[in-house]
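Subject: Structure handover

Hello,

I am passing on the structure below, together with a short account of what was found in it. Please look at it first and then read on with the picture beside you.

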Amino acid sequence: MLINVPETVVADALRGFAAAHPELTVDVENRVVVRRDAPVAGKVALVSGGGSGHEPLHAGFVGPGMLSAACPGEVFTSPVPDQMVRAAAAVDSGAGVLFVVKNYTGDVLNFDMAAELAEDEGIQVAKVLVDDDVAVSDSLYTAGRRGTGATLFVEKIAGAAAEEGAPLERVEAIARRVNAASRSFGVALSACSTPARGGPTFDLPPGELELGVGIHGEPGRERRPMMTAREIADVAVDAVLDDLDPSGPVLLLVNGMGGTPLLELYGFGAEVHRVLGERGVPVARTLVGNYVTSLDMAGASVTVCRADEELLRLWDAPVRTPALRWGR
Amino acid sequence: MSAVLDAGFFRRWMTAAAAAVDREADRLTDLDSAIGDADHGANMRRGFAAVAAALEAEPQPTPGAVLVFAGRRLISTVGGASGPLYGTLLRRTGKALGDAAEVTPEALAEALGAGVAAVAQLGGATAGDKTMLDALGPGVDALGRGGGFAGAARAAAEGAAATVPMLARKGRASYLGERSIGHQDPGATSAALLFEALVEAAA
């Protein structure tokens, strides 16, 4: 691994992030990344955060048109309430703050505590829970579906609404609508290695793959002998469409897990387009790349979001962050 | 076992817990990599080391104050699910102890009962869900029945071992469904260490 020692991996990365992005304010000690022009008068702020190891999520999405601030935790570990409260205080203009929370027990508990503390400080807080991963059955007997690729859609689209001046209730409603209209399915071709462990966090022999994998190297639900990109696309898209009524155009994210080359990812993306076409689902916009990663894990995920005209317009709105930028 | 427990005992308990978590960190991470995300040992080590250091710098005056202070430190340093859950356990137990300068083991058992109830409420879990509650519950029950710290430690360790055949219904292990069966729960394992640390603090 290209590191110094496991204990300083997150701080070292934040120092490098600060050096590369002078347009953002990076508080390395307190682990908060903030838009330099925050608080923006009259604008609702978006704060997200989660374990590190999913870069560019979330700090890479801080900037005009997307997040106001991000709180990176330890590798695969939710940040602590202190970080979120600090971030909220730094970005709140008085118009309120939306917490974008991926549905993992740790993230939910810490953001809940932070919301209470921030409200004690007079900050109006709303929360949206992202839970798009169809590989986990949403029942009383699990922690519920995981938040994965749809996080990018929620942060981009709700961020655009906030940038346009929408009030907190409206930004929150749009964020919920995007999450409700999104579904994801992931596949791992290799396990990921955390710095603390120094090796693979689960055992996935060459020649096998894990279907329905999460973004923390948590083993998926089913292991199969290696399949072609064509076969994987069939399984992933059908798993997503089984759970999502595909009437009308969709946003598509073909997301790399960190260890799969873009050459392979685009090839996989072609197969995903083919299946969606065969199933009669028109794709309005496509994003291909490593956006919601799992350290060095090889593999990919497919996220589909049912998009109406308003969501498409907000998706196309200008954005200027380290990892996503277009328009203007 | 001594009849009354003072703030010094509770500081020793937290220091012993930090040492136990440090000693067992690799095992906790191994257990977590089987059904979770391989960070439980590192997180618990970071949190309890911060607790021990903070108590060294700011020794708290009463048993309740020691635990409330320790709980707050865990919430501020651990993250993940275990930060809020262990933080709430210690904070609520400390609050239930009030501001008495000394407490009896019976009072500690009762206060721990309140702490465990708060954890169950926060995490939405019940006994048998393959979580830390499966070690905390038996440990506190044994202490309440007068089994002493050694009896409580034994009951908590047995409770942790009994999670092996369970199907996980909460936390990350629940994503695995049937595949969570056959592995000991890392949270129950670290919870049992807290009772082991009680024995060491009393020695």
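In chain B, 65% of the contacts with a separation of 6 or more are between residues 24 or more positions apart, where two residues are in contact if their C-beta atoms, placed from the backbone, lie within 7 Å. Before going further, please note that this is a predicted model, in which local features need pLDDT of at least 70 and side-chain atom pairs count only at pLDDT 80 or more, while totals for chains, interfaces and linings use all residues. Residues are numbered from 1 along each chain as its sequence is written, and chains are lettered from A and ligands numbered from 1 in the order in which they are written.

Chain B has eight helices and two strands, which follow one another along the sequence as β-α-α-α-α-β-α-α-α-α; helices (H or I, at least four residues) and strands (E, at least two) are DSSP runs, numbered from the N terminus. Of the 203 residues in chain B, 63% are buried, a residue being buried if 20 or more other C-beta atoms lie within 10 Å of its own, exposed if 12 or fewer, and partly exposed in between, again with C-beta atoms placed from the backbone. Along the principal axes, the C-alpha atoms of chain B fill a box of roughly 50 × 35 × 30 Å.

Within chain B, the axes of helix α6 (residues 133-144) and helix α8 (residues 186-202) come within 7 Å and cross at roughly 30 degrees; axes are lines fitted to C-alpha atoms, for helices over the stretch in contact, and angles run from 0 to 180 degrees between N-to-C directions. α6(B) and α8(B) are therefore roughly parallel to each other, since angles under 35 degrees count as roughly parallel, over 145 as roughly antiparallel, 65 to 115 as roughly perpendicular and the rest as oblique. On the α6(B) side the residues are B:Asp134, B:Ala135, B:Leu136 and B:Gly139, and they meet B:Ala188, B:Ala191, B:Ala192 and B:Phe195 of α8(B).

Turning to the two chains together, 31 residues of chain A are in contact with 26 residues of chain B. The elements of chain A that give two or more residues to the side touching chain B are β4 (69-75), α2 (81-91) and α3 (105-120), and α3(A) gives the largest share, five residues.

Best wishes
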